[in-house]
Amino acid sequence: MTPVSLLWAVLVSMCLGPSVAQTVTQPQPEASVQEAGTVTLDCAYSTSESDYYLFWYKQLHSGEMVSIIRQYAYEQQNATNDRYSVNFQKEAKAFSLRISDSQLEDAAMYFCAYSGAQ
């Protein structure tokens, strides 16, 4: 099996409201997983808002950003999309991405993002 390196970076998001800044941080600079394995990428965020969306994006080698999963703050169940699932912990302000059955094409930059619901 070939190891798949999943690279990702820190993304900081600003809300358009007056002097309200939301921050999103990703503490791991890099993660590796064996092909067909499972990997979890962590994300922490800070907000004073109660109504918002969280996203995970994948940046392809071409530079194109692709939205892979979205979680609404008031959804009771964690979002899933094919091999992607999230662990959303609103009180802890944590939003991790789980990629199962990893493939070579999963090697990319992954970004966690925040958006106010307004």
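Modeller: Happy to. One term before we start: a disulfide here is a pair of cysteine sulfur atoms within 2.5 Å. Also keep in mind that this is a predicted model.

Colleague: Is that link left-handed or right-handed?

Modeller: The link of Cys 43 and Cys 112 is left-handed, with -75° about the S-S bond.

Colleague: And are Cys 43 and Cys 112 buried or exposed?

Modeller: Cys 43 is buried, and Cys 112 is buried as well.

Colleague: Let's zoom out. What does the secondary structure come to?

Modeller: There are zero helices and eleven strands. Buried residues account for 36% of the 118 residues. Taking contacts between residues at least 6 apart in sequence, 56% join residues at least 24 apart.

Colleague: What about the largest nonpolar core, how many residues are in it?

Modeller: That core has 24 residues, and those with the most contacts inside it are Trp 56, Ile 69, Phe 95, Leu 97 and Tyr 110. Several strands each supply at least two residues of this core, including strand 3, strand 6, strand 10 and strand 11.

Colleague: Let's pick Phe 95. Where is Phe 95 found?

Modeller: Phe 95 is in strand 10, residues 94-99. Phe 95 has a relative accessible area of 0%, so it counts as buried. Leaving aside neighbours within four places in sequence, its contacts include Tyr 45, Leu 54, Trp 56 and Phe 88. Both disulfide partners, Cys 43 and Cys 112, are also among the contacts of Phe 95.

Colleague: How far apart are the C-alpha atoms of Phe 95 and Val 24?

Modeller: Those C-alpha atoms are separated by 9.8 Å, and the two residues are 71 residues apart along the chain.

Colleague: And Ser 96, what does that one touch?

Modeller: Not counting residues up to four places away in sequence, Ser 96 touches Thr 40, Leu 41, Asp 42, Cys 43, Trp 56, Ser 85, Val 86 and Asn 87. Ser 96 lies in strand 10.

Colleague: Why does Ser 96 count as buried?

Modeller: Ser 96 counts as buried because its relative accessible area is 11%, and the cut-off for buried is under 20%.

Colleague: Changing topic: how do strand 6 and strand 7 pair?

Modeller: Strand 6 and strand 7 pair in the antiparallel sense, over seven bridges. The two strands form a hairpin with five residues between them, and Gly 63 in the turn has a positive phi of about 100°. Tyr 53 stands opposite Tyr 72 in strand 7.

Colleague: Two tyrosines facing each other, then. How many aromatic pairs does the structure hold?

Modeller: It holds eight aromatic pairs. One of them is Tyr 53 with Tyr 72, a tilted pair at 4.8 Å centre to centre with 40° between the planes. That pair links distant parts of the chain, with Tyr 53 in strand 6 and Tyr 72 in strand 7, 19 residues apart. Tyr 53 has a relative accessible area of 22%, so it counts as partly exposed. Tyr 72 is partly exposed too, at 22% relative accessibility.

Colleague: What kind of pair do Tyr 72 and Tyr 74 form?

Modeller: Tyr 72 and Tyr 74 form an edge-to-face pair, 5.8 Å centre to centre with 65° between the planes. Ring pairs link Tyr 53, Phe 55, Tyr 57, Tyr 72 and Tyr 74 into a cluster. Tyr 74 is partly exposed, at 43% relative accessibility.

Colleague: Last one: which charged end sits over the ring of Tyr 74?

Modeller: That's Lys 90, with its charged end 4.0 Å from the ring centre of Tyr 74. The charged end of Arg 83 sits over the ring of Tyr 84, 5.8 Å from its centre.

Note on methods:
Residues numbered from 1 in each chain as written. Predicted model: local features only at pLDDT ≥ 70, side-chain atom pairs only at ≥ 80, totals over all residues. Heavy atoms only, no water. Buried < 20%, exposed > 50% of the residue type's maximum accessible area, 1.4 Å probe, protein only. Helix = DSSP H or I, 4+ residues; strand = E, 2+ residues; numbered from the N terminus. Contact = heavy atoms within 4.5 Å. Phe/Tyr/Trp six-rings, centres within 6.5 Å; stacked < 30°, edge-to-face > 60°. Lys NZ or Arg CZ within 6 Å of the ring centre and 35° of its normal. Pairing = 2+ DSSP bridges. Core = buried A, V, L, I, M, F, W, Y, C linked by side-chain atoms within 4.5 Å.
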